[in-house]
Amino acid sequence: MTKIQITINGQSFPATLNNSAAAQALLYQLPVTFMMEDLNGNEKYIDLDEKLATNSVAFGSVSAGDLMLFGNRCLVLFYKSFTTDYSYTALGSISEVSGLAEAVGSGQAEVTIERAE
């Protein structure tokens, strides 16, 4: 596991990336800043320029703070927990999600992902 920091609209959240090939490929791109779009009132997403390795699993549910890959290019940050039939490649998660939904707000959110110091 690699410690990272995710800053959303100026508010920082400690997080970790797992050791999957996709997460490690994302790690090599850090630091990055994205304008992420809202989808369904429960997630922010961005289509990456480069494809990442996938190991999609139907988790049955996602948790607020999960950072996942949908397909091989769509980076998704969930800010609400819910059940789902979709499959994702897990990349990591935010450790403390208190205030996450408020930080992302509605509409676009500026999200910076970087290695933790």
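Trainee: In which sense do strand E3 and strand E4 pair, and over how many bridges?

Mentor: As a general idea, strands of a sheet pair through backbone hydrogen bonds, either parallel or antiparallel. In this structure, which is a predicted model, strand E3 (residues 32-39) and strand E4 (residues 43-47) pair in the antiparallel sense over 3 bridges. Within this pairing, glutamate 37 has tyrosine 45 in E4 as its bridge partner.

Trainee: How many residues lie between E3 and E4 in the hairpin?

Mentor: The hairpin formed by E3 and E4 has 3 residues between the strands. In the turn, asparagine 40 has a positive phi of about 60°.

Trainee: Which strand does E4 join by 5 bridges?

Mentor: Strand E7 (residues 74-78) is joined to E4 by 5 bridges, and the two run antiparallel. Lysine 44 stands opposite leucine 77 in E7.

Trainee: Which strands are joined to E9?

Mentor: Strand E6 (residues 66-70) is joined to strand E9 (residues 89-94) by 4 bridges, in an antiparallel arrangement. Here aspartate 66 stands opposite serine 93, and methionine 68 stands opposite alanine 90. Strand E2 (residues 11-17) is joined to E9 by 3 bridges, again antiparallel. In that pairing, threonine 16 has serine 93 as its bridge partner.

Trainee: In what order do the strands of the closed barrel run?

Mentor: The closed barrel has 8 strands in the order E1-E2-E9-E6-E7-E4-E3-E10, with antiparallel pairing. Neighbouring strands of this sheet are turned by 30° against each other on average, direction ignored.

Trainee: Is threonine 2 buried or exposed?

Mentor: Threonine 2 is found in strand E1 (residues 2-8). Threonine 2 counts as buried because its relative accessible area is 17%, and buried means under 20%. Leaving aside residues up to four places away in sequence, threonine 2 touches Ala15, Thr16, Leu17, Gln24, Leu27 and Arg115.

Trainee: Which residues line the largest pocket?

Mentor: A pocket may be read through its volume, its lining and the classes of its lining residues. The largest pocket holds about 170 Å³ of space. Its lining consists of Leu39, Asn40, Asn42, Glu43, Phe70, Cys74, Val76, Phe82, Thr84, Tyr86 and Tyr88. By class, this lining has 7 nonpolar, 3 polar and 1 charged residues. Asn40 of the lining is the turn residue with the positive phi in the E3 and E4 hairpin.

Methods. Residues are numbered from 1 along each chain as its sequence is written. This is a predicted model: local features need pLDDT of at least 70, side-chain atom pairs count only at pLDDT 80 or more; totals for chains, interfaces and linings use all residues. Side-chain values use heavy atoms; hydrogens and water are left out. Buried means under 20% relative accessible area, exposed over 50%, partly exposed in between (1.4 Å probe, protein chains only). Contact means heavy atoms within 4.5 Å. On a 1 Å grid over the protein atoms alone, a cavity is a set of points where a 1.4 Å probe fits but cannot get out, and a pocket is an open set with protein on both sides within 12 Å along at least five of seven lines; lining residues have an atom within 4 Å of a point. Grid points are joined across faces, edges and corners, and a volume is the space filled by probe spheres set on the points. Ala, Val, Leu, Ile, Met, Phe, Trp, Tyr, Cys and Pro count as nonpolar, Asp, Glu, Lys and Arg as charged, and the others, Gly among them, as polar. Two strands pair if DSSP finds at least two bridges between them. Axes are lines fitted to C-alpha atoms, for helices over the stretch in contact, and angles run from 0 to 180 degrees between N-to-C directions.
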